[in-house]
Structure formats: C-alpha cells, structure tokens
Amino acid sequence: MNYEAVIGLEVHVQIKTHSKVFTRVGAGYGHEPNTLTDPVVLALPGTLPVMNKAALDAIIKAGLLLGCEIAPVCKWDRKQYFYPDSPKNYQISQYDQPICIGGSVEIELPGAARNIMGEHKKIPLTRIHLEEDVGKLNHGASDSLVDYNRAGTPLMEIVSDPAMHTAEEAYAYLTSIRHTMIYGGISDCDMEKGQLRCDANISIRPVGETKLGTKVELKNLNSISFVRDGIAHEIKRQLAVVAAGGKLIQETRDYDGQTGTSQSLRSKEMAHDYRYFPDPDLMPVQVDAAWKEKLRAECPELPFDKQRRFLRDYQVPYTITSVLIPERGLSDFFEASAQLAGPGRAQAVGNWIANDFLRELSAAKLPLGASKITPASLAELVGLVEVGTLLNAAAKEVFVAMFATGEAPAAVVARLGLAAVPSDAGELETWCRESIAANPKALVEFKAGKDGAINAFKGPVMKAGKGKANPKLVDETLRRLLAGA
Amino acid sequence: MTAPADLNIDRIAELSRLALTAEEKVRFSAQLGSVLGHIEQLSKVDVTGIEPTAHAFPLHNIWAADIARPGLAVADALRNAPAQRENMIVVPKVME
C-alpha cells in the first residue's frame, strides 16, 4: 500500500520589541541571567499585565503579510500548566479568538537545478495568535536552572493547516515565513537565538484516505535544516513501523539533529488539560479598519513578489535574485543601484553585488549598512565598464579600493592609473591602422575569409596599450577598419 | 453538601499540585461541590439574546507604548528563590 505523509507546523516567532508583551521591562537576547525581570514577569502578587501596542502592531502586520483575516475583536486567555518556565503557572495566550485567522504562506520548492526556479505553492494557515514566551530552563545533571529573561517576550504562534506532505515543503515553508518576517521588520528570526522555533505534527495515511492518521509531535527542531532532516526521519520511522505490521501511537518525540535520531519523550500520565479561561486582567483588543489600513500601508512588498518583479523588470538571472531577495536591504541596494546605472546594466549590477560585494562584506565582517560602497558609486563603476573606460580586471581592483576607502570609482581609476588606454578613440584607431599596415599577409588572409587572422593585428595594438587596451574596442575598431581596407 | 459523583478530586489535586490527605479529599470535595452547585444555579439563568463577553465593562485596547524601563536588580529578582546558582533559580530536575 502506498502511504503519504501529512505535516502541519506550529511556528513560534518572537516579535522584536523593546519591552515585553505585558509589561515594560526590556526584552532581548544574550543578557546576563535574570536581568530582564520585573514584578509582572515574576508574577509577584498584586501585579497586573498591560499590553504592548507595538507587539499588536507587529502581529497584525504579520497577518496582513500572510493574507490572514484580522479579527475585529480578539481576547486573551490563560493557559494553565505547571512548569518552572512560567512563574505564574499559566501562560497568557489566545484560545478561541485569535487575532489572525486563515491566510497562507507562499513557498518555493527546489528547482531542477540551482539556477532554475522551483515550483511555487501556497500552504494554508489556520491561525496566528499572540502569547507570551516563557523562561528558559537549563537542564543540569541533578537539577535545572531557570532564567526568566525570555519570559514575557512577545511570541506569535503561526499554525499551518495539516497541508504539507514532504520535508522539503516544510523546509520551504519555514524559509518563506522567515524571509517574510524579516522583510516586515517583525522579527530577526534567528533560530540560534530562539527567535524562530518550530514543532511539527506528522502522520501518515494510505494515499487516497482523507482522515488523518495518528499524529506524532516532533519537538526541538532548532535549525531550519533540522526541521527538514527531522521530518524526513520521522516519516521514514512511521513508514517502517507500519511496514513491520506495527501500530503508531500518539506521542511527542524529541529530534536530535546531531545524531539524526529521535526518541519518545516520557509521555504524561494524563493528557494536557490547560483549562483555558479568559484572562480577567486584560481587556479585549478591537481592530478597526483605520488601524489595519495604517499597518497595511507600512507592509513591504513580499519577497516572492519582489523576486518576480526583479526577474521581469530588470531581467536579472534567477540565481542572482535568489541571492538578493532573502535580504531586504541587499535587494533594495540592488534596485537603487540598477535604477541609477540605467537600462541594460541591471545584470552587471546584480553580478557585482552577488559576487564581489558580498565577498568583501563577508571578508570585512561588515553588515551592509556599514559599507562605504553606495548605490551611486556602484552604478558609476558599472557605467565605466560599460562604456569601455575600465576593463573587467581593472574594475575588480577599483571595486576593492572603493570598498576600502569609499572613494568614487573615477577617483580610484585616476589615482591608480587603471583607465583603459588610449582614452582617446582616435589614438586607438591610429594604433590599429599601423598594425594593419604592418602586416599585409594577415590582411590578405582576413580578406580571404580567415576570421582568425584578425588576431595577428591585435598583438601590436595591445602592446602599444601596455595591456590596458580594451579588447572589445580593439576588435570593433579593427573590424571597422578592415571592412574598409 | 456532598460532592457530585463526577467530581474527580484526585485529578484536581494533581492539576493543582496538592498532596491531599484522605480527610482533606472528603472536605474539599464537599466544598468544591457547593461551588459547583452555585455554578449550576447560574447556568439555569436564561441568557437568550445576551452576547457572551469576557468582561463586564466594554473597554478595549488598553495598552502602553513600547518603551522599555529598567527592571529588578538580579539580587531582588532572586530574593524569593529557595535556592539559586549562577544567578538562576534552582529547581528540581524537570523534563517534559
């Protein structure tokens, strides 16, 4: 019997705010343990939560970017459970009235080759709700240590429908969410910092069956590759259990990305009973059209839309766009440079950014924003190469100097004497005439149809130019003169 | 008042993390029973045409701007902790 896997993902995304979601102590990663707490975070008696407007703005924006319906009214619920990561013994979340409903995530599957765009599809979402993150437990040999810095950080939970069928789809889904959230300025989505976390619900069923099979929840998928590997591993495991005549049990499994294995977590003696009820300390949120439209106006173009536009309007190859698009700043830099460079030069601009610029940034360990290269200086450089003033090899040298000093390309060219010679078209023509005159044998051969004979004229010209003559211009000039000779 | 038959005091005790003696189970079962009795009474009220609401007052959108304030000093934050190490609270080893 043929089986198919059914995958639903629960993706947690930390919202990038200055303060926590229900109190104003600072939020952030990498601080000394327990330095980001206050009486609300620690649930001291008598404290009351107060919503963070920026966190609400961010989740509504996320919902708009993913095509969700924004609920006109949503409320807060308490999810009760005992675990030391939550000092209140409940987590403030949204149960039956989430803020974002429905929506979808556009994904791209791997193409036939690296330079070919893959198939696109839309994965439907169930909902997105806002909740507070919990503290971090550091498990030791005999006890655990609790750090409440993370507790109370605004956290979105993006829940997909059980609509994915392969590990590749899950990987593409997570990648797309990550790019979209980064574009929207909603989160940095650094998985190493726990800003993006993922649990997967995986089941298998005979192809054609519409009912869902027994679900296994896979936890600790703490890198995007682990998500792919963990899901692929779990699907294989389930197929093997069924093939061996076994029966799958509903359980939570922990995936270890280092060893590529998973193990069942000691299942609770009883199923979860969160006893949700409305939080009496927080008033509901009403989202009107004006608020929604204000946020919609702040929404950036989605990464895939931008990529389609780059392919269409700038005619840059797919491989270049797939380097530019994931980073919003880089794609904006490209667009600004391409517009300044003018028609027909976008591909050259894209090449400079995808190759030289990224290489230099990475070698200098600099973020894009700290670079001395500007869209204007890059556009100028591309222009110098296009008109023949600068040869490719020399342009590379100019670029490195521009990157180091921030000088305009023309200034570097002048300072280092890198301009192609002669700068005067008339002088080049003279060199070419002299070369043709000096080699009547090659002239005869060329006239007789031997195209390669033209190379015999090039040597003396290049010599006259001390290697800095533009081969393309030399070729053009020679052909023009030979046609009339 | 006696406890209703479907009141599972052991389950409630577990969820509340309380170790109850046999005598306490009987006593609290009775007390919870009267709370449930009260709820029973409430559920008899005719609420046709009344919209469900989480709050008694029609207040919405009570929030603050996202401006961070300093919080507690670590020493203060940990003052209630029965045990601490490396500026963190020590709890019994727990694994989900």
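**The A–B interface and a helix pair in chain A**

In this predicted model, 32 residues of chain B are in contact with 39 residues of chain A. On the side of chain B that touches chain A, three elements each supply at least two residues: β1 (63-64), α3 (74-77) and β3 (88-92). The largest share, 5 residues, comes from β3(B). Classified by residue type, this side of chain B comprises 20 nonpolar, 5 polar and 7 charged residues.

Strand pairing also links the two chains. Strand β2 of chain A, residues 51-52, is joined to β1(B) by 2 bridges, and the two strands run parallel. Within this pairing, A:M51 stands opposite B:W63 of β1(B).

Two packed helices are described by the angle between their axes and the distance between the axes. Helix α1 of chain A (residues 53-65) and helix α4 of chain A (residues 289-298) have axes that come within 9 Å and cross at roughly 70 degrees. Because angles of 65 to 115 degrees count as roughly perpendicular, α1(A) is roughly perpendicular to α4(A). The crossing in which α1(A) passes α4(A) is right-handed.

Which residues of α1(A) and α4(A) make the contact? From α1(A) they are A:D57, A:I60, A:K61 and A:L64, and from α4(A) they are A:K292, A:L295, A:R296 and A:E298. By class, the contact of α1(A) with α4(A) has 5 charged and 3 nonpolar residues, with no polar ones.

Notes: Residues numbered from 1 in each chain as written. Chains lettered and ligands numbered in written order. Predicted model: local features only at pLDDT ≥ 70, side-chain atom pairs only at ≥ 80, totals over all residues. Contact = placed C-beta atoms within 7 Å. Helix = DSSP H or I, 4+ residues; strand = E, 2+ residues; numbered from the N terminus. Nonpolar A, V, L, I, M, F, W, Y, C, P; charged D, E, K, R; others polar. Pairing = 2+ DSSP bridges. Axes fitted to C-alpha atoms, helices over the stretch in contact; angles between N-to-C directions. Parallel < 35°, antiparallel > 145°, perpendicular 65-115°, else oblique. Left-handed = near helix turned anticlockwise from the far one by under 90°.
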